[in-house]
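This report describes a structure in words, to be read beside its sequence and model.

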Amino acid sequence: MSEYLTSSDFMILMIKIIVIFGGVMGALVYLTWIERKVMARVQMRPGPTRVGPFGLLQPIADGLKFLFKEDVVPANANRFLYIAAPVVSLIPALLSFSVIPFGPWLQVTDLSVGLLFIFAITSLGVYGIVLGGWASNSKYPLMGAMRSSAQMISYELSLTLSVVGVLMIANTLSLNQLVMSQQRTWLGFIPRWNIFLQPVAFLIYVVSAVAETNRLPFDLAESEQELVAGWHTEYSSLKFAMFMLAEYANMVTVSALATIMFFGGWSGPLVGPHWLKAALPTFWFVSKIFLFIFFYVLLRSTIPRFRYDQLMNFGWKVLLPLSLANILATSFVVAIS
Amino acid sequence: MNLATINIAAILPTLVLSVVGIVVMVAEPFVGEQKKSNLGWLAFAGTLAAMLSLVPMANNRGQWYSNLWIVDDYDVFLDFIFLLIAAITILTSMDFLRREELNHPEFYSLLLFATAGMLMMAASNELVMVFLGLEILSIATYVMAGFRRADLKSNESALKYFLLGSFSSAFFLYGIALIFGATGSTNLLAIADALRSSKIQISLVSLSAALILIALCFKVAVAPFHVWTPDVYEGAPTPVTGFMSVGPKAAGFAVLFRVFLTAFPSIEDRWGSAIWMVAALTMILGNVIAVVQPNIKRMLAYSSIAHAGYVAVAFAATSDRGVSAALFYLLAYSLMNLGAFAMVTIISRKEDKLVNVTDYAGLGSKRPGLAAVLSLFMLSLAGVPGTAGFAGKFFIFRAALESRLVWLAIIGVVTTVISFYYYLSVIVQMYMREPHDEFSDVRLCGSLKFALVISAAGTLYLGLLPTRVLDWTTTAALR
Amino acid sequence: MLELILFYTFGAIAVISGILVITRHNVVHSAAFLGATLFAVAGIFLTLHAEFVAGVQVIVYVGGILVLFVFVIMLIAVERSVHERQYNKQWTIALITSAILIVEIAYGLYRGRDSLVLPAVVPPAAAAAGGNSEQVGTALYTSYLLPFEIASILLLVAIVGAVVLSKKRTPAEE
C-alpha cells in the first residue's frame, strides 16, 4: 500500500486528477459567462461588459458575491437534508468526470463499465433536487421537486435505452474503447462516427439529455413564471452556487457522453510536431463539447417551455417507443451482418 | 457462443396460457361493454388449448433448457390439475364478475398468468425457476384477492396476503441462497448429487431445507403457517377464494414433493419428523376450528387447511405410493372444493354478502337441485364412501400405514369424523331448517351450470371408478 | 485482506441501515437509509468484481425505484407518520421469535461455515479479458434463457396488477 503511494503511477494519477478537475471546475465557472454572452447576443443585447474585457471577469465577481451573501436556512426546514442536498447534487455531477476520456491518456480511470458508471452516478443527481425541494418545507420548492423527480425518471428510461443501439454496434461499455471503435473512416475522409449509424438514437439522446439536465425547454422543475425558482427557491449564497455548478457539470457530462458515443470522442486529424499531436485529441474533444454547450444555450434562448402534460406524453408516448423501436431495428441489422 | 436449445413443445402449455393472457388483455379495448364476457370464453378456450398442448409436451419427456425445465409424468398430471382448476374458476367467475359489475377482462389475464406460474412451478428442476413461477402465481393472486377495489374486506384480504406472502418469499430466497452456498448449485439433481457425494455440514443443509419448507408451508396453508388463511379467504371475491384454496395449494405441494423428494432425500431423517408434526397439527387445528365457524367461507378456509393436512400425511409417507395418493387427492380435492365454492358464489348473490351457514336454511325445499349438488360436494369433502373424497382419503391412509405412520392415520381418521359435524351441518341447514328466504334471486347461468356439472361429474367419477386415474397417478409418481 | 475489510464494511453498512429503515419514525429518513443499504449492496457486488451488477443495482434501485418511493413519500403527510404508533402490541412476541430465528440461523451458519463453498471470485485480470458485462449477457442468453424470458412475464403480471388496482373506478364500484 505505502509502496504504491510513492510510485510514479500514483504521481501520474494525481496529476491527471488535478489537471482534469482543475480544468473542469474552471470551465464550469466560465460556462456561465458563455451562457450569458450567447443569450445576450441572441436577444440583441451586449451581455456582461463591465467587469474586465468583454466581461471576462464577471464569473469571478459572481463567485465573490455568492461567497459574501447571507446563508439563509428557512425556519421550518429539515436542517440536515437542506444542507446535504446541494452536496448530494454536486458530488455525483463531478464524479462522472473521473471516467471520461479527455484524450488517449488524459483519463483518471478507464472502467470496463464506464458508461454504466456514468449513468449510475448521474441517476443520483435527482436526489439533490428532490431532497432540497422537500427539505425547504415550502410549497414552490416541493412542487418543483415533484415535477423534477417524475420528469427525470421518465426521461432517464429513453436516455439509457437510446444508448443501447450504440452499445450493440461498439460492443463495449468502456468509454475509451467506445472512442477507439470510431477511429476508422469511410472512403478515407468521412469519419466512422456513430451518429451516421445511429441518427435516431442520437436525436433521442439529445432530447432526453436536455430533459435530464432540467434545461429549457424542459426546465419544469424551476420554471420561473410558475414556481419562482422551483426546487432552489429557498437557497442562497454558496449552496445556491453549488446547485448551479452541479447543473453546469451535468451539462458538460451529457455533452461529453454525446461526443464520446456519437462523434468519435477525442478522435480527429493529428498534424504537426510531436507535442501538438499529443495535445490535439484533447483539443478536438473540448471543441466538440463546446459545440454541444453552444447548442444548449441556443435552445434555451429560442424555444419556449413545454407544458407539463406535453412533457410526460412526449417522454412516454414518443421517445420511449421510438428508442425501443431503434433497439429492435439495430439488433436486426447487427444480427444479419 | 451456443444459444440454449429451444424446445417449444416442452413449454407449450405455459406458452399458450401466457399468449392467451396477453391476447385477452389486448382485445379488451376492442370489445363492447356488453360482450366482455366473451373474453371469459376466450380465456376458457385458452385453458382447453393448453390442455390439448399437454399431448405434445408429454411426448417431449426429459430435461430441457440447460436442465432447468423438466417434463415427466408427474409434471403432466399436475399440469392437468392446474388447467382444470383454471377452467372451472373461469366458468365460475364469468357470471360473478357480471353480477358484481367488475367486468374487467384483466381478471382472466391474471388468472391465466397465475396458472402459467403454477405450470412453471411443477416443471421447474431448479430453485430459481421455482421462485419465478411462485412469484408469478403469488402476485397475480394478490391482485385477484383485491379485485373488489371498493370493498374494504377485499382490500384487507389482498394486503394481508401480500405482506405475509412477501415475507414467506423472503424465507424461500434465503433458503435458496444457503443451499447455493452449500452445494454451489440451485439445480435439484445437482443438489442431490452434492449431498450424496461430499461431506457437507448437515446443519447448513437442513437450515436451508427448513427455510424452504417454511415458505412452501405458508403457500399451501398448513399449520402453524395457516393463520392468514381465514381472513384472506373471507375477504377475497368468492371465485378467487375457490381458486386460492386449490390452485396455489396444489402448486405448492407440487414443489414440496419435487424439491424434497428430488433434492433432499438423503437428509430425510431431518425433515421427516417435521412433516409428521405439521401434518398432525394441521389436521387437528383445521378440523376443530372449522366446527365453530358460522361463515361458510371461513368454514371452507379451515376445511382447506385440514385437507392440506391430509396431503401432508401423504407427504410424510415419503413413498411412491404416498406421492401417487397425494396427486389423486389433489385432483379430487380441487374438483369438490371448486364445486363447493361455485355453489357459495351462487348463493352469496349480489354484493357477495350472504355467506353464513344459516343463509342456506331451506335451500332443499326451494331449490332441490342446487341443494343436492351442494350436498354431494359436502359429503365428498367429508369423505363419505362413493365420493372422490373417500377414495382420496383411503389411498392416503393406506400409504401412511404402509410407511408405518400409524398414529398419523389414526389422527386422520379421528379428525375426519370431526369434520362430518361441520360438513353435515350445512346439509342439515338445507334440508331440516325452515326457509326464511325464497331464493328467488338465485340465478344460475350456463357457465356456472357447466362448472357445477364438471366438478360434480368429476367428484362422482373419482369416487366410483377411481382405478383409471389411480393408475395414472401411479405412473406419475414413479421417478 | 483489503477485500475482506471492504466486504465487512459494506455488509455492516447494509445491515445497520437496513435496521434503521424499519425503526425510523420519519419516512424520509427511512428512505435515505434504504438508499444507503442499496448502495452498500452495490459495494458488495464491487468487491466480488461484479461491476456490471453493481452498476445496474445503482441505476435500477437507487436511481429508479427509490426515487419513486421518495416521490410517493412527498405526497403524504410525513408529520403524521412521526406521531403514529409504529408497532402493535405483539412486538415483544415478534422480537422473541425473531431472536430465536436469528440464533438458529447463526448456529446453522456457524456449524456449517467450512462447507460453504462459495465460487471463487473472478480475479480482475480474467474479468478484464472476458468482460464482466459479457459474462452476464452470455449466461442470460444461454444457460438461463428460459428464466430470463419468464422474468418478463413476472414483470408483466406486476404491471397488469398495479394498473388493475389503481385505474379509475367505474361508477358501479363507487
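Helix 10 (residues 199-212) and helix 12 (residues 237-262) of chain A have axes that come within 10 Å and cross at roughly 170 degrees. Axes here are lines fitted to C-alpha atoms, for helices over the stretch in contact, and angles run from 0 to 180 degrees between N-to-C directions. Helix 10 of chain A and helix 12 of chain A are therefore roughly antiparallel to each other (angles under 35 degrees count as roughly parallel, over 145 as roughly antiparallel, 65 to 115 as roughly perpendicular and the rest as oblique). From helix 10 of chain A, A:Phe202, A:Tyr205, A:Val206, A:Ala209 and A:Glu212 meet A:Val254, A:Ala258 and A:Phe262 of helix 12 of chain A. Two residues are in contact if their C-beta atoms, placed from the backbone, lie within 7 Å. By class, this contact of helix 10 with helix 12 of chain A has seven nonpolar, no polar and one charged residues. Ala, Val, Leu, Ile, Met, Phe, Trp, Tyr, Cys and Pro count as nonpolar, Asp, Glu, Lys and Arg as charged, and the others, Gly among them, as polar.

The model is predicted: local features need pLDDT of at least 70, side-chain atom pairs count only at pLDDT 80 or more, and totals for chains, interfaces and linings use all residues. Residues are numbered from 1 along each chain as its sequence is written, while chains are lettered from A and ligands numbered from 1 in the order in which they are written.

Chain B has 20 helices and two strands; helices (H or I, at least four residues) and strands (E, at least two) are DSSP runs, numbered from the N terminus. With a radius of gyration of 21 Å, close to the 23 Å that the globule rule gives for 479 residues, chain B is as compact as a globular protein of that length. The radius is taken over C-alpha atoms, and the rule is 2.2 Å times the number of residues to the power 0.38. Buried residues make up 61% of chain B; a residue is buried if 20 or more other C-beta atoms lie within 10 Å of its own, exposed if 12 or fewer, and partly exposed in between, with C-beta atoms placed from the backbone.

In helix 12 of chain B (residues 268-290), the buried residues include B:Trp271, B:Ile275 and B:Met283. They pack against helix 9, helix 11 (238-263), helix 13 (296-317) and helix 18 (406-432) of chain B.

B:Ala194 lies in helix 8 (residues 188-197) of chain B. B:Ala194 is buried, with 21 other C-beta atoms within 10 Å. Leaving aside neighbours within four places in sequence, B:Ala194 is in contact with B:Thr183, B:Ser185 and B:Ile200.

| Contact | Residues given by each chain |
|---|---|
| Chain B with chain C | 38 residues from chain B, 33 residues from chain C |
| Chain A with chain C | 20 residues from chain A, 18 residues from chain C |

On the side of chain A that touches chain C, helix 7 of chain A gives the most, with seven residues. That side of chain A has 16 nonpolar, three polar and one charged residues.

On the side of chain B that touches chain C, helix 6 of chain B gives the most, with nine residues. By class, that side of chain B has 24 nonpolar, ten polar and four charged residues.
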